[in-house]
Amino acid sequence: FTVNGYRIVEQNELEAGGFMESLMLPDQNDGDYVRYDVKGLFVDMTIEYTGTEKKSFPIYIFNLEHDSWNNGLNMEWMGGVNEGGLDVSFEAGEKRDFIVPYHLFDVQFPKKVWEHIEEKKFRLIFSLYPEKRIVEL
């Protein structure tokens, strides 16, 4: 796979694209569900399959990381931002572009980090064992 770049998606763009319906979290104080401030981080990548038979690719292996924060991709958004939806299967020799989306909630970061999240460095983790493999974004 090749990472072609990424972009931070602001909450108003997520709302306009219909991505906000499922993003409710329990309130930290009383447990009622509330919507926190959220941003998206959309990673553009190309995956080239060099095998000779049709095969599915486990796209869910890619986690996003910043310092001690880590999150898996948002599967609902994955289906909404890619032409093939959630289908990540390849024919022999096929090469496809994907957007791999992640959500970031303000309550997951210290306030000073959240205020400048666009400037922070993120890593894409695609293996933890036997050795951690990362791509700096």
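Visitor: How much of the protein chain counts as buried?
Guide: Of its 137 residues, 39%. This is a predicted model, where local features need pLDDT of at least 70 and side-chain atom pairs count only at pLDDT 80 or more, while totals for chains, interfaces and linings use all residues. Residues are numbered from 1 along each chain as its sequence is written, and side-chain values use heavy atoms, with hydrogens and water left out.

Visitor: How many helices and strands are there?
Guide: The chain has 3 helices and 11 strands. Both are DSSP runs numbered from the N terminus: helices are H or I with at least four residues, strands are E with at least two. The order from the N terminus is β-α-β-β-β-β-β-β-α-β-β-α-β-β.

Visitor: What box do the C-alpha atoms fill?
Guide: Roughly 55 × 30 × 25 Å, taken along the principal axes.

Visitor: What share of contacts comes from residues 24 or more positions apart?
Guide: They make up 68% of the contacts with a separation of 6 or more. Contact means heavy atoms within 4.5 Å.

Visitor: On to the core. Which residues touch the most other members of the largest nonpolar core?
Guide: Met45 and Ile59, in a core of 25 residues. S4, S9 and H3 each supply at least two of the core's residues. A nonpolar core is a set of buried Ala, Val, Leu, Ile, Met, Phe, Trp, Tyr and Cys residues joined through side-chain atoms within 4.5 Å.

Visitor: And what does Met45 touch?
Guide: Leaving out residues up to four places away in sequence, its contacts include Phe1, Val3, Ile59, Phe62, Phe98, Val100 and Leu124. Arg96 and Asp97 are also among them.

Visitor: What lies apart from that core?
Guide: Another core, of 10 residues, including Val9, Leu14, Met20 and Tyr36.

Visitor: Aromatics next. How many pairs?
Guide: The count is 12 aromatic pairs. Rings of Phe, Tyr and Trp (its six-membered ring) pair if their centres lie within 6.5 Å; planes under 30 degrees apart are stacked, over 60 edge-to-face, and the rest tilted. Tyr49 and Phe90 make a tilted pair, 6.3 Å centre to centre with 40 degrees between the planes.

Visitor: Where do Tyr49 and Phe90 sit?
Guide: Tyr49 is in the loop between strand S4 (38–48) and strand S5 (55–56), and Phe90 is in strand S8 (residues 89–90). They are 41 residues apart. Both are buried.

Visitor: Why is the Trp69 and Phe109 pair called tilted?
Guide: Because the planes of their rings are at 40 degrees, with centres 5.0 Å apart. Trp69 lies in strand S7 and Phe109 in the loop between strand S9 (95–105) and helix H3 (111–114), so this pair ties together parts 40 residues apart in sequence. Trp69 is buried at 8% relative accessible area, and Phe109 is buried at 8%.

Visitor: Which residues form the aromatic cluster?
Guide: Phe1, Tyr49, Phe57, Phe62, Phe90, Phe98 and Phe126.

Visitor: What lies over the face of Phe90?
Guide: Arg96, at 5.5 Å from the ring centre. Lys39 lies over the face of Trp114, at 5.5 Å from the ring centre. The rule: NZ of Lys or CZ of Arg within 6 Å of the ring centre and within 35 degrees of the ring normal.

Visitor: Last one. What is the phi of Asp67?
Guide: Positive, about 50 degrees, although Asp67 is not a glycine. Most residues other than glycine have a negative phi. Asp67 lies in the loop between strand S6 (63–66) and strand S7 (69–72). Asp67 is exposed, at 56% relative accessible area.

Key. Buried < 20%, exposed > 50% of the residue type's maximum accessible area, 1.4 Å probe, protein only.
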